[in-house]
Amino acid sequence: MFVEMGCGKGRLSLAVCTAVAGARLLLVDRAHNRNKADKYLRAAGADYHRIYADITHLDLGAVPMLANSSLVCISKHLCGSATDVTLTCLRSLCERESLSASRPKLAGVGIATCCHHRCTWRDYVGKTWWTDTLVRKRALGWASLFRAAHLLLSGRPSLRLTLT
């Protein structure tokens, strides 16, 4: 079972459907998008479902169609904190796997991130590493990283940031 987080129009799921014969798909997004790939998924005879939910509040273990499944979580262009929220959702799923034999099991994750400037400290999953490694040893704060990331991503070759 492939679960596409932040699926938008669902084009990544459509690509999976084309590449993996018989793939079962769950598309998750909080917004209703127009011109979805759903008509192409239906035409291909795909076994898919779409959920409209904020990933922050999503419990994959409570989704009936995922019971007794092995999941591969995928996403492209998972914007800002949505990556961290997705990782938190998956961690929660893994921590609860042993609670019920019918709970889905996580088999893999493939996420292409974007929009790092939209990340928030509240949703960031690496707080312990950040404070232990960067703040205490390097005196580098959250705002400093945002400024550095913005400059690096804006194509300014003169800025070099070394965290070794």
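1. Leucine 66 touches Met1, Val3, Leu26, Leu60, Leu71 and Pro104, leaving out residues up to four places away in sequence; such contact means heavy atoms within 4.5 Å. The model is a predicted one, in which local features need pLDDT of at least 70 and side-chain atom pairs count only at pLDDT 80 or more, whereas totals for chains, interfaces and linings use all residues. Residues are numbered from 1 along each chain as its sequence is written, and side-chain values use heavy atoms, with hydrogens and water left out.

2. The largest nonpolar core has 18 residues, of which Val3, Met5, Leu26, Leu60 and Leu66 touch the most other members. A nonpolar core is a set of buried Ala, Val, Leu, Ile, Met, Phe, Trp, Tyr and Cys residues joined through side-chain atoms within 4.5 Å. Buried means under 20% relative accessible area, exposed over 50%, and partly exposed in between, with a 1.4 Å probe and protein chains only. Two or more residues of this core come from each of β1 (2–5), β2 (24–29), β4 (70–79) and α3 (82–96). The element that gives the most is α3, with four residues. Another core, of 13 residues, lies apart from it and includes Cys7, Val16, Cys17 and Ala23.

3. On the overall fold, the chain has five helices and five strands. These are DSSP runs numbered from the N terminus, helices being H or I of at least four residues and strands E of at least two. Along the sequence they follow the pattern β-α-β-α-β-β-α-β-α-α. Buried residues account for 35% of the 164 residues in the chain. Among contacts between residues at least 6 apart in sequence, 63% join residues at least 24 apart.

4. The five strands form an open sheet with parallel pairing, in the order β3-β2-β1-β4-β5. Two strands pair if DSSP finds at least two bridges between them. At the edges stand β3 and β5 (105–114), each pairing on one side only. From one strand to the next the twist averages 15°. The parallel pair of β2 and β3 has six bridges, and arginine 24 stands opposite aspartate 47 in β3. Helix α3 packs on the sheet, where it touches β1, β4 and β5, and its direction makes about 165° with that of β4. Axes are lines fitted to C-alpha atoms, for helices over the stretch in contact, and angles run from 0 to 180 degrees between N-to-C directions.

5. Threonine 83 lies in helix α3 and is buried, with a relative accessible area of 12%. Its contacts, leaving aside neighbours within four places in sequence, are Leu78, Ile111 and Thr113. Serine 81 is in the loop between β4 and α3 and counts as buried at 9% relative accessibility.

6. How many disulfides does the chain have? The count comes to zero, a disulfide being a pair of cysteine sulfur atoms within 2.5 Å. The sulfur of cysteine 73 is 7.6 Å from the closest cysteine sulfur, in cysteine 89, and therefore too far for a bond. Cysteine 73 is buried at 1% relative accessibility. Cysteine 7 is buried as well, at 7%.

7. Most residues other than glycine have a negative phi. Asparagine 68, in a residue position other than glycine, has a positive phi near 60°; asparagine 68 belongs to the loop between β3 (47–52) and β4 and is exposed, with a relative accessible area of 59%. Histidine 77, also not a glycine, has a positive phi of about 60°. Histidine 77 lies in strand β4 and is exposed at 52% relative accessible area.

8. On confidence, the mean pLDDT of the chain is 81, and 77% of its residues reach 70 or more. The term pLDDT denotes the predictor's confidence in each residue, from 0 to 100. Among the elements, β1 has the highest mean pLDDT (96) and helix α5 (residues 142–153) the lowest (62). Over residues 159–164 pLDDT stays under 50, and for this stretch the model has nine contacts beyond four places in sequence. Where pLDDT is low, the predicted coordinates should not be read in detail.
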